Amino acid sequence: MFKLTVYKKVNMSRNFFLLILIFLLVLVGAKIIMAHEKIATYQEAMQLYNSGNLRAAEKKFRAAKLNVVVSDHNQDINRKLSILSPIREVIEDLDEKATGYYKQKDLDKLVDMFNRWQESRKKWVSGTAIQKQMYEEMVAFTKLDQDMLGYFSEIKQTNLAKLQNYSPKSSAEEEEVFYRLKQVPAEYYGGDPAKTKEIQTAFQTYYTAMLNKLTAAGAPVVDITVEGERHFGMLSKFSIDSRWLTDTLDSHLVQVLSAALTKKEYSTFAEQANTVKRLSGIMGAAKVFPFIEKSKTDLLANAKKLVEGNKFADAISIYEALRPLENTDQLLANANIAWDKYEPLRVLQRLYPGKEFPNFVNAKNKWGADSVIAAISKDGGIYLGKLKGEEPMVVTEGSMEGSPTINKLTFQSNLSQSDYPVIYIEAKSSERKHHYLAYEVRANSMGKILDVEADNLTVEARNVLLADNPTGSGAGQLAYYEPDSDGDYQFTKIKVDYIDISVNDIAQYYGKKVRFTAFSTANQNGGALVTLSETYNYSADRWEKTYVLLKGQSTLTIYRDYTVIGTFTSYTNITDDYGEQIRVPVFQIEKIE
């Protein structure tokens, strides 16, 4: 039994070694086979390589390299792969990532892929013939160039369409469109100059259309200016020439401002011009700015002429309108001061807002003032106001009794003994044709110095008044009124303006006012005859008489003495007692005593 056991052990050992031998034989066979395969793959790769099919050759070289059983041709394989594989790997990577970034709408990374592609292309196209050929095969195989063209063309057209459809709703969206168009490589525009021109043209068309839409709708200047200012900012940010925008805005703004001036809407013009001036730092030498300055200067000059022509309301309306454009505060103050001096009643009305002044009179440069007004209010108040320089009006007040109806109001300073202002009033009278009153203003106090009712009142000399038929003393006469020691006018005497003569001497006083007493003897020619002389002519055997004809009074009766005042002014013919025409003087009676 022991022998059997030893035999079995020896037999098992022999079988084990036999198995190992068989395994080694298999390995050797496999190696031989794989060596043949590697050589065959390498040879195929070389055939492809030599025929110019580099992408397929690179694939075979990689397959040959994977056969590590033998090292035959490894050096050449590695050398070939070091040339071909990087090109394949990069192009495949670029194509795959570009597709992903396009789908993700990641333009920045897509542009990075494009730039990497351009760098690779520059490297390999300018490299060896093999590198250039492998690059071109990989691009053709992956269609990387067509993909990139499609991606960037779609991005370009999408963003250009946004401008054409006016879809951006904010500056941020416009900026996004610009930078997307800017990121699209120049070769998809036809080169850098063409890219710059197309983007500039797109935005110019876009902004022009936006402005045209505003102007066509008659948008306020402030809206157009704000939008124009925004456009300038965006164009500057985009480094796009904005001279066209200056020309477009300049033309429209001049037109709008001119229209406001033509309609004399000066307030509108000033507000618009003030808004437009916000663009002065951007639009530079545009015509609208000198137009604004010239128009403003012309309006100010016109307002000055209106002030000089005493058309203060029109001038002030211009100054007020120009306030947004020019500080006219001083001009307004000066115009109002000049208006107050020209029409000081305005000042009284402001000082006494509850009163009405139907009667007033003005004077200039008198009594130490630039302008003086005397006014009577409806309730019988008398006011004298003085304006000097820019000082407030100094007012002196008085009052009238009974508030008579005023027919005339003037200054009569020659009634004052000291050249004080004298307010002279001609009012309605119940007893005579007129009621004359005068108030003298002394040291800011007002006193009545004249109160006369008469048919007429004249100033015969300084401080000498002549009243015709006054009430009281001098009634029916021409009476003199002169100031007493207090300056108040009182009756002083009757005026005698004729010469007492004998009626027989009338022929010596032609044209002179005289008084005489005569006896009327007959009525003739609408008057009364007075016999001046009576002589008997013996040779003719008749009486010869001389006469004077009294005219001007229809109430004269004959055979009565009359004392008359009047003037010998002409001659006339009468018929005497013998039926003959004789020439006699005519005496025009003014008054019968």
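Reader: Before we start, what do the conventions say about numbering and about side-chain values?
Author: Residues are numbered from 1 along each chain as its sequence is written, and side-chain values use heavy atoms, with hydrogens and water left out. The model is predicted, with local features needing pLDDT of at least 70 and side-chain atom pairs counted only at pLDDT 80 or more, whereas totals for chains, interfaces and linings use all residues.

Reader: How many helices and strands are there in the chain?
Author: The chain has 16 helices and 18 strands. These are DSSP runs numbered from the N terminus, helices being H or I of at least four residues and strands E of at least two.

Reader: Is the chain compact or spread out?
Author: The chain is more spread out than a compact globule, because its radius of gyration is 63 Å, well over the 25 Å from the globule rule for 593 residues. That radius is taken over C-alpha atoms, and the rule is 2.2 Å times the number of residues to the power 0.38. Along the principal axes, the C-alpha atoms fill a box of roughly 235 × 65 × 35 Å.

Reader: And what share of the residues is buried?
Author: Buried residues account for 39% of the 593. Buried means under 20% relative accessible area, exposed means over 50%, and partly exposed lies in between (1.4 Å probe, protein chains only).

Reader: Turning to the strands, in which sense do S10 and S11 pair?
Author: S10 (residues 464-468) and S11 (residues 478-483) pair in the antiparallel sense over four bridges. Strands count as paired if DSSP finds at least two bridges between them. Ala 467 has Ala 479 of S11 as its bridge partner.

Reader: What stands opposite Ala 479 in S12?
Author: Ile 494 stands opposite Ala 479 there. S11 and S12 (residues 489-494) run antiparallel and are joined by five bridges.

Reader: Next, Leu 384: where does it lie, and is it buried or exposed?
Author: Leu 384 lies in strand S3 (residues 381-387) and counts as buried at 1% relative accessibility.

Reader: What is Leu 384 in contact with?
Author: Leaving aside neighbours within four places in sequence, Leu 384 is in contact with residues including Val 372, Ile 373, Phe 411, Ile 423 and Met 446. Contact means heavy atoms within 4.5 Å. Thr 396 is also among the contacts of Leu 384; the two are 12 residues apart in sequence, with their C-alpha atoms 5.2 Å apart.

Reader: Where is Thr 328 found?
Author: Thr 328 is found in the loop between helix H14 (312-321) and helix H15 (329-342). At 0% relative accessibility, Thr 328 counts as buried. Not counting residues up to four places away in sequence, Thr 328 touches Leu 300, Tyr 319, Leu 322 and Arg 323.

Reader: Finally, what is the relative accessible area of Glu 271?
Author: Glu 271 has a relative accessible area of 46%, so it is partly exposed. Glu 271 is in helix H11 (residues 266-276). The C-alpha atoms of Glu 271 and Phe 114 are separated by 53 Å, the two residues being 157 apart along the chain.
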